Amino acid sequence: MTKRIKEKLEELHKCMFNSGSPRIRFGENVYFEENGCIFLSKADDDEENADILFSTEDLGFSDSFVQRIRISPDQRHMAIGLKSENSEEATCVVMKIGHFPVVEKVIPSVFSFEWATNDVLYYTSLKNLRCQNVFMTTFTHQKHTELVYTEQDARFFVDIHCTKDRRFLTINSNSKTTSEVWLVDCRHPFKLPALVQARTKGLIYHIEHRNDELYILTTYGEPPEYKLMKAPVTSSGMENWRLVYALEEKTKLVDLEMFSDHCIMFLKNAGHLYLNVISFVSDSVQSIKLPTWACEFELESHPEHTTSTCYFQLTSPVHPPKRFAYSFKENNLIEQAVQEVPIITNCHTTRLLAKSKDETLVPITVFHNMNSKELHRKPLLVHVYGAYGIDLNMSFKEEKLMLIEEGWILAYCHVRGGGELGLSWHKDGCHRNKLKGLHDLKACIVLLHQLGFSQPKYTAVAAASAGGVLAGALCNTDPELIQAVVLQAPFVDVLNTMMKTHLPLTIEEQEEWGNPLADEKCMEYIKSYCPYQNIKTQCYPSVFITAYENDQRVPLSGVLRYVQKLRKAVLDHGRRTSKKGNHIPNIILDIQANGSHCDPSWEDSLDEVARHLAFLNKELEVCNLQHHIQNLANS
């Protein structure tokens, strides 16, 4: 079955129209990456005539993929971030662009990098998952590298951003709840960075620049959701911040793009995507509705802030990316002409609200084939995450389209702890509110069954990383709701992990999970939901876990402890209730030597997905189910 699924996914992948990686538009030039190569073409020319600037294979990086590209202002240098599937760390390769591009410098263990000028590059170094140092390196005749900034607090992670007008580089030091930003003036890149606003507990802010004013995206003021504010560069303290625009309640800000006379906010509300276009000239805000099928933005780089068009892509789990453009001049949205996907699917998207234990309404996005009948007999795959204020990943995947075509129902539960309804949605599901996410997940699955979307014996849950907390907890509290679970690099041993401060992320993660070493009540609360701590002798769904040998984020030791304890509980329950026909669940652990925390290559991902789907088909008896439904239809 794994082989059959893999072959079908390979065929789907071949015939999918690939809109390619996002384009970097720089005047008349367009830079783009495909299959480990970076190309340069003219904006009005066919991309088939593009010149090749860089190849991972030719330069000895065949096991890496291109993660980040930054072009210098004069387009004479290009910095490329290359990441191996077996490491969290990236390598920055700096090339001189010309008729014969040459490598000028290779910088190991890099996280982010930006050009301050034509020949001055700032970058951050990553060591043991911590990013705390900022360096400057020059590509003038007298080349040198120096340390510019060091973050002393282990809870804070440092990265670099360039404002859209290239006036400033921002050194951003962020914890899960607090920010501090320093400015590097690109006109004077050797001067010391200047502080915008000293870190204040609970205050998050990010910086853009336009016409000698800082535009500040911040949680400052009430309610504690994102607002766009501004202040003079020379008086940047928060006492001088003035409101430009406040988001509506329960709205998720996905991203913000600044242009010379406008800015665009990419927003989500109740599962729907839309744009808010703010005009600094007319001091107005226009809201642009986007297609109802869209679930995710994929943004494109616009190095020139004076451009009159903003490009982006829209996608969903079952819709390949489509490119759109918003024209400031025409004041309208344009769908770019692309080759149609040669696969037609009659997929219906439904958005529901489930009432949780405390009456909070929790959004669910459901996909199913419009031609499907007897939905209560169809297999259902429920997706959940609910941590760090991060949305469920709803970008396109070939396997999701395949499942819809084969009659599956896909449900995405946007539980608290995630970010789908803004910052307060995350806050209401982290720390000592973690159980709310579990209650939300249960409410979502119960509602789906009540509305006729499948039933427990045909229902499975899929989760990755921190999503394993809620999926694993549900297996302990309400195993009768589901038949099977697929977990990828799951965080299932929360308490033991948070007790080990020598691990690279433990201190940083305390703002999400709490500090059980310093707070006994916190320890007891984590114990109350931690999947490993609450395993008991009872009936469990079948579980398939993929873990990675080189995973620095979720220690393999915790996964091994969890599997060992779960297998014992399952066997003990089987012995106590040994009756004819009693179901003994399968607990399968698949340890991968390659891959790094949910970031495998396409080939490795293909193998993983095929194994997961084969497992689900077997556990939910999908073949027998489809045969039964066909017999009913024929009778």
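This is a predicted model: local features need pLDDT of at least 70, side-chain atom pairs count only at pLDDT 80 or more; totals for chains, interfaces and linings use all residues.

Trainee: What does Arg 68 pair with?

Mentor: Glu 114, with the closest N and O atoms 3.3 Å apart. Arg 68 lies in strand 5 (residues 64–71) and Glu 114 in strand 8 (residues 102–115), so the bridge ties together parts that are 46 residues apart in sequence. Helices (H or I, at least four residues) and strands (E, at least two) are DSSP runs, numbered from the N terminus.

Trainee: Are Arg 68 and Glu 114 buried or exposed?

Mentor: Both Arg 68 and Glu 114 are buried. The cut-offs are under 20% relative accessible area for buried, over 50% for exposed, and partly exposed in between, using a 1.4 Å probe and protein chains only.

Trainee: And what's the N to O distance between Arg 416 and Asp 358?

Mentor: That salt bridge comes out at 2.8 Å. Arg 416 sits in the loop between strand 31 (409–413) and helix 3 (423–427), and Asp 358 in the loop between strand 28 (347–355) and strand 29 (361–369), so the pair ties together parts 58 residues apart in sequence. Arg 416 is buried at 1% relative accessible area, while Asp 358 is partly exposed at 36%.

Trainee: Which helix holds Asp 572 and Arg 575?

Mentor: Both are in helix 9 (residues 556–576), three residues apart, about one turn of the helix. Arg 575 is exposed, with a relative accessible area of 58%.

Trainee: Switching to helix 8, which of its residues are buried?

Mentor: In helix 8 (residues 520–529), the buried ones are Cys 522, Met 523, Tyr 525, Ile 526 and Tyr 529. They cover an arc of only 165 degrees around the axis, which puts them on the same side of helix 8; the arc is that of the directions from the helix axis to the C-beta atoms. On the other side, Glu 520 and Lys 521 are exposed.

Trainee: What do the buried residues of helix 8 pack against?

Mentor: Helix 4 (434–450), helix 5 (467–477), helix 6 (494–498) and helix 7 (506–513). Helix 5 is itself mostly covered, with ten of its eleven residues buried.

Trainee: Now Thr 251, where is it?

Mentor: Thr 251 is in strand 20 (residues 251–258), and at 3% relative accessibility Thr 251 counts as buried. Leaving aside neighbours within four places in sequence, Thr 251 is in contact (heavy atoms within 4.5 Å) with residues including Leu 267, Tyr 274 and Leu 421.

Trainee: And what about Lys 250's phi?

Mentor: Phi of Lys 250 is near 60 degrees, a positive value in a residue other than glycine. Lys 250 is in the loop between strand 19 (242–246) and strand 20, partly exposed at 47% relative accessibility. Tyr 388 also has phi near 60 degrees, and Tyr 388 lies in the loop between strand 30 (380–383) and helix 2 (398–405).

Trainee: Why point those out?

Mentor: Because most residues other than glycine have a negative phi, and most peptide bonds are trans.

Trainee: Which residues does a cis peptide bond join?

Mentor: Glu 222 and Pro 223, with omega about -10 degrees. Pro 223 is in the loop between strand 17 (213–218) and strand 18.

Technical notes:
Residues are numbered from 1 along each chain as its sequence is written. Side-chain values use heavy atoms; hydrogens and water are left out. A salt bridge is a side-chain nitrogen of Lys or Arg within 4 Å of a carboxyl oxygen of Asp or Glu.
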